[in-house]
Amino acid sequence: MAGPTIGALLESAVAAEDALAELGETIEDEWSYVNDLRQAWTDRLDEVAAGPMGAREATPEIVEAIELAIEEASLVHDPHRAIDWLSTLPQVVLLAAESLA
Amino acid sequence: MRFQDAARDGRAVVYAAIQADPLVARAAELLSQATLGERILARAVMNGESTDSHRWRRIFPSVFSSASAERAVDILAVSLAVADRGEQVRSQVRGAIVEELTARLLARRASPASIRRERRILFDGVPAEIHPYDVTVEVAGAGEAFDCKWGARGINADVLHQLDDARTHALDEEEPLKVAIVVFDAERSCRVRLDAQTAPHAQTRLVALEQLDTLAGPRQ
């Protein structure tokens with residue numbers, strides 16, 4: 001059975017970004033920054049998912065890396081740390097995805 | 001324009017102890033040689049919740065299968081040691097690491113004696129800023145001032161005003177002073193933060209995670 005594509009994994013990362021943003025935006029002073037940051041990174045994840053890499057099947061190693069990174073993000077319950085992870089998660093996920101190239 | 005040590009107030013004494021922590025020097029030395037992937041690893045682990053090294057190795061397969069895997073193991077260990085500190089100390093240690101990393105990269109192209117920490121910059125007839133600059137390069141006619149941040153969120157109006165004020169006051173005294181903000185975070189995140197700032201920053205150089213090694217290159 002074929003594994004997920006990079007694009008499908010990046011879609012999961014976008015959902016994780018949304019969850020982090022929801023937590024981060026509870027810091028009222030940072031509402032705009034959090035949403036601008038979410039947009040900037042989900043645009044980038046969408047761009048990679050829609051590109052040539054998005055259709056490629058991920059190796060089991062990359063599937064595990066991205067799934068664990070998303071799981072790590074889900075462990076964050078502090079809104080300040082969520083804002084840090086809003087920026088960190090896509091960097092980690094893209095590093096894993098780009099290693100396929 | 002002249003440089004001066006910052007006042008040794010309570011904050012400075014506490015922070016000096018953080019800066020002197022051997023963990024800070026060890027992390028900065030490793031990160032000064034690191035690849036971008038290894039720096040992202042350090043950022044994730046020092047920001048993270050998990051302290052299981054095996055788990056982090058599975059999140060970064062390409063980093064741990066590269067030619068520099070041995071260094072990546074050391075970076076993971078030092079990052080976990082930072083993450084293991086309490087939240088407040090972790091935050092202070094991370095900040096100190098970015099400062100020390102900046103100083104070490106600058107030392108590849110500037111005389112170590114010219115690189116100073118926690119310095120104020122004084123100008124004739126201008127009240128001194130309360131907060132010192134994290135790192136300065138003190139060379140006559142080619143001074144530089146750096147503010148260092150762990151994350152893009154640390155970029156704020158106060159920091160941008162202070163850097164730009166120093167630059168413009170230096171110009172008034174016909175002393176060219178380059179100013180920069182060094183951020184251990186992705187350029188994309190820093191640009192989002194900067195775009196929302198109204199404080200002057202057009203002449204303030206951004207050195208984000210992807211560009212850290214340029215600190216070791218020619219003065220910009």
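Chain A has 4 helices and 0 strands. Helices (H or I, at least four residues) and strands (E, at least two) are DSSP runs, numbered from the N terminus. The order along the sequence is α-α-α-α. The radius of gyration of chain A, taken over C-alpha atoms, is 13 Å, close to the 13 Å from the globule rule for 101 residues, so chain A is as compact as a globular protein of that length. That rule is 2.2 Å times the number of residues to the power 0.38.

This is a predicted model: local features need pLDDT of at least 70, side-chain atom pairs count only at pLDDT 80 or more, and totals for chains, interfaces and linings use all residues. Residues are numbered from 1 along each chain as its sequence is written, with chains lettered from A and ligands numbered from 1 in the order in which they are written.

Now the interface. In chain A, 26 residues are in contact (C-beta atoms, placed from the backbone, within 7 Å) with 24 residues of chain B. Helix 2, helix 3 (60–74) and helix 4 of chain A each supply at least two residues of the side touching chain B. Helix 4 of chain A gives the most, with 10 residues.

Chain B brings helix 9 (residues 187–195), where B:Arg188, B:Ser189, B:Cys190, B:Val192 and B:Arg193 are buried. Buried means that 20 or more other C-beta atoms, placed from the backbone, lie within 10 Å of the residue's own. These buried residues pack against helix 2 (31–50) and helix 4 (79–98) of chain A. They also pack against strand 5 (177–183) and strand 6 (204–207) of chain B.

Notes:
A residue is buried if 20 or more other C-beta atoms lie within 10 Å of its own, exposed if 12 or fewer, and partly exposed in between; C-beta atoms are placed from the backbone. Two residues are in contact if their C-beta atoms, placed from the backbone, lie within 7 Å.
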